[in-house]
Amino acid sequence: VIWIVPFVALIVTLGIAWNAFRDRGAVIEIEFADATGITPGETGLRFREINVGQVEGVRFTDDLTSVVVSVRVDTDVAQYIDADASFWIVRPQVSAQGVTRLDTVLSGGFIEGYWDAQIGAEATRFVGLDRAPLIRDDQPGTWVTLTMESADGLSEGAPVLFRGVEVGRLENIRLDD
């Protein structure tokens, strides 16, 4: 009779361990140019400012040109992360429009992810963006492409004004092919 108590405790412990193992989520890998501000066990993955994952490891690619960040994603959102998902590292930024993401100075950087609400084919390997997109694809609006001889005085993120009212932002200033 005395051996029943340790045996029941062992069964309960194994059950709790199995539930924790089963519910721990999927691992995805994101390749970035560098891993500034990324610390395994501390850096999180956020979607719409909600923490949905945690960085488990950082390693170099085989050719040492970039780093691969392994992120464990919560099970409730892992099914939505498909090949169209995008990821970028959020750090404080100083630009002509001001300083943004000052909260990361104290709390540290994090990885921001974006994906839609459609369940697609599972993907586990991604290439991270160098910077956050200024506008996401799900936001309403019209994309306009402007071509000009010179971009003097223009910078990404600068507002587009119509009669003094902001109606858009400049994004992706680059040289024409």
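This report walks through the fold, the sheet, a hairpin and some individual residues of a predicted model.

## About the model

Local features here need pLDDT of at least 70, and side-chain atom pairs count only at pLDDT 80 or more, while totals for chains, interfaces and linings use all residues. Residues are numbered from 1 along each chain as its sequence is written, and side-chain values use heavy atoms, with hydrogens and water left out.

## The chain as a whole

Let's start with the overall layout. The chain has 3 helices and 11 strands; helices (H or I, at least four residues) and strands (E, at least two) are DSSP runs, numbered from the N terminus. Read from that end, the order of elements is α-β-β-β-β-α-β-β-β-α-β-β-β-β.

Of the 177 residues, 25% count as buried. Buried means under 20% relative accessible area, exposed means over 50%, and partly exposed lies in between (1.4 Å probe, protein chains only). Among contacts with a separation of 6 or more, 61% are between residues 24 or more positions apart, where contact means heavy atoms within 4.5 Å.

An open sheet of 7 strands runs in the order 5-8-2-3-4-1-9, with mixed pairing. Its edges are strand 5 (86-90) and strand 9 (125-127), each of which pairs on one side only; two strands pair if DSSP finds at least two bridges between them. On average, neighbouring strands of this sheet are turned by 30° against each other, direction ignored. For such angles, axes are lines fitted to C-alpha atoms (for helices over the stretch in contact), and values run from 0 to 180 degrees between N-to-C directions.

Inside this order, strand 2 (residues 44-47) pairs with strand 8 (residues 110-114) in the parallel sense over 2 bridges. L45 has I111 of strand 8 as its bridge partner. Strand 4 (residues 67-73) holds S70, which is buried because its relative accessible area is 14%. Beyond its neighbours within four places in sequence, S70 touches V27, I28, E29, Q54, V55, E56 and G57.

## A hairpin and positive phi values

Strand 10 (residues 159-162) and strand 11 (residues 165-169) run antiparallel and are joined by 4 bridges. V160 stands opposite G168 of strand 11. These two strands form a hairpin with 2 residues between them, and R163 in the turn has a positive phi of about 55°.

E49, in the loop between strand 2 and strand 3 (50-60), has a positive phi of about 65°. E49 is partly exposed, with a relative accessible area of 44%. L64, in the loop between strand 3 and strand 4, has a positive phi near 65°. L64 counts as exposed because its relative accessible area is 61%.

## A nonpolar patch

V1, I4, V8, V12 and I16 make a nonpolar surface patch of about 520 Å². Patches are made of residues with over 30% relative accessible area and no salt bridge, with like charges joined within 9 Å and nonpolar side chains (Val, Leu, Ile, Met, Phe, Trp, Tyr) within 5 Å. A salt bridge is a side-chain nitrogen of Lys or Arg within 4 Å of a carboxyl oxygen of Asp or Glu.

One member, V8, sits in helix 1 (residues 4-22). With a relative accessibility of 44%, V8 is partly exposed.

Technical notes:
Areas by Shrake-Rupley, 256 points an atom, 1.4 Å probe, with all protein chains shown as cover.
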